[in-house]
Amino acid sequence: MPEQRDIRLLVAGKHAAVEKNTCRVKRVAVMSEENNTQDGNGKVSRVIRIGTRKSQLARIQTDSVADTLKELYPDIHLEIVGMTTTGDKILDTALSKIGEKSLFTKELENALERNEVDLVVHSLKDLPTSLPPGFTIGAVLKRENPHDAVVLHPKHAGKSLDTLPESSAIGTSSLRRAAQLKKRFPHLVFKDIRGNLNTRLKKLDEKEDFAAIILAAAGLRRMGWENRISQILEPEDCMYAVGQGALAVEVRARDVDILEMVSVLHDSDTVLRCIAERAFLRRLEGGCSVPVAVHTEVKDSQLYLTGAVYSLDGSDSLKETMQTSVAAAAAAAAAADDKSSEEVDECVQRVGVTATKLSGEAQDRAERLGVDLANLLLSKGAKEILTVARQLNDAR
């Protein structure tokens, strides 16, 4: 277990020079009384407020992060602040039609900006590849299974997408899933379904509208509903969304104390995979309104990235795989543990991620991998495919 660190507030109005994605900050050991509590023994404990969406899954994810932080820093006092986001309010429109890049994050980031919370827990796939100025992803936790899962209506128990009857309706709110699965399973019909996990499962079970729905396996596992998973979709059937299965902790970029605190939550392989994925998506200028999919793997010190773009019906697509060496990552991470973190002179963001304890060279290679793969697909016509997909989606 890492050595426990004191968590201290930065003085208000401290100076930070921010240029491009690099921030230079100075740490100041000043405690703020309004954010501290005192127990019966007179011991002062820093209050850390964690922002989260109010859904059951969001709370489970946030509680898991809070529990880990409490184990690492027993002297801090944690408060969880639940909020409702735009994406939670609009339940009758497909996400791809709303056109908002921060559907599930804006209200949380507003609270972070107003100092109402100190950090926010997100599903990484909900975070845009370009964060608002002043924010950074201070931790990317070890990834849960990133693949998609099939949840069948009870009357179809024992079947799979292959064996469902002709014209069976499959519920999904994702253009990415629909585009891949339409081509792979042409006998099925794909329809939009919205709502949190509880709502979508209720719609599936209590009505006859859908033969199955497609959900992220990670969410089902975190909810303890693995028994509902009828089929895990392998990359050959359906590659996953950028960042899917990973949790991210967003903080104010100038709050070096908080950034230092959450940095111990980083999982090196997940960080590198997600940097590559986010760089790929950002270079393509993609989002939830176009079908973009990825698959990543770290094996034998090599980072492999497969990326693809699709037309809305999946009939037109481009898919390529590239790799790069990330051998320096593990050695640098080990060396970082031996260094003092008292002064953080440079905190460099890569597609919104700050990971000072991970090899900068490895992160640069991961980011370059994503950009290079996107450039390869763009050279083969990816922009045209995505432009048409976006236009057709807007016209629906």
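Is E277 buried or exposed? With a relative accessibility of 0%, E277 counts as buried (buried means under 20% relative accessible area, exposed over 50%, and partly exposed in between, using a 1.4 Å probe and protein chains only). Welcome to this predicted model, where local features need pLDDT of at least 70, side-chain atom pairs count only at pLDDT 80 or more, and totals for chains, interfaces and linings use all residues. Residues are numbered from 1 along each chain as its sequence is written, and side-chain values use heavy atoms, with hydrogens and water left out.

**Around E277**

- You will find E277 in helix α9, residues 268-284 (helices are DSSP runs of H or I with at least four residues, strands are runs of E with at least two, and both are numbered from the N terminus).
- The side chains of E277 and T296 are joined by a polar contact of 2.6 Å (a pair of N or O atoms within 3.5 Å; within protein, one must be able to donate a hydrogen and the other to accept it, and residues adjacent in sequence count only if both atoms are side-chain atoms).
- Beyond its neighbours within four places in sequence, E277 is in contact with residues including R143, Y240, V294 and L305 (contact means heavy atoms within 4.5 Å).

**The sheet β14-β15-β16**

- Three strands make up this open sheet, in the order β14-β15-β16 with antiparallel pairing (two strands pair if DSSP finds at least two bridges between them).
- Because β14 (292-299) and β16 (317-325) each have a single partner strand, they stand at the edges, and one side of each has no neighbour in the sheet.
- From one strand to the next, the twist averages 15° (axes are lines fitted to C-alpha atoms, for helices over the stretch in contact, and angles run from 0 to 180 degrees between N-to-C directions).
- Strand β15 (residues 302-310) runs antiparallel to β14, joined by eight bridges, and V298 stands opposite L303 in β15.
- Helix α11 (residues 360-379) packs on the sheet, touching β15 and β16, and its direction makes about 150° with that of β16.
- Helix α12 (residues 382-395) also packs on the sheet and touches β14, β15 and β16, its direction making about 50° with that of β15.

- Strand β11 (residues 212-216) is largely enclosed by the rest of the structure, because five of its five residues are buried.
- A212, I214 and A216 point one way from β11, while I213 and L215 point the other way.
- Strand β8 (residues 148-152) pairs with β11 in the antiparallel sense over five bridges, with V150 opposite I214.
- Strand β9 (residues 169-171) runs parallel to β11, joined by two bridges, and the bridge partner of I170 in β11 is A212.
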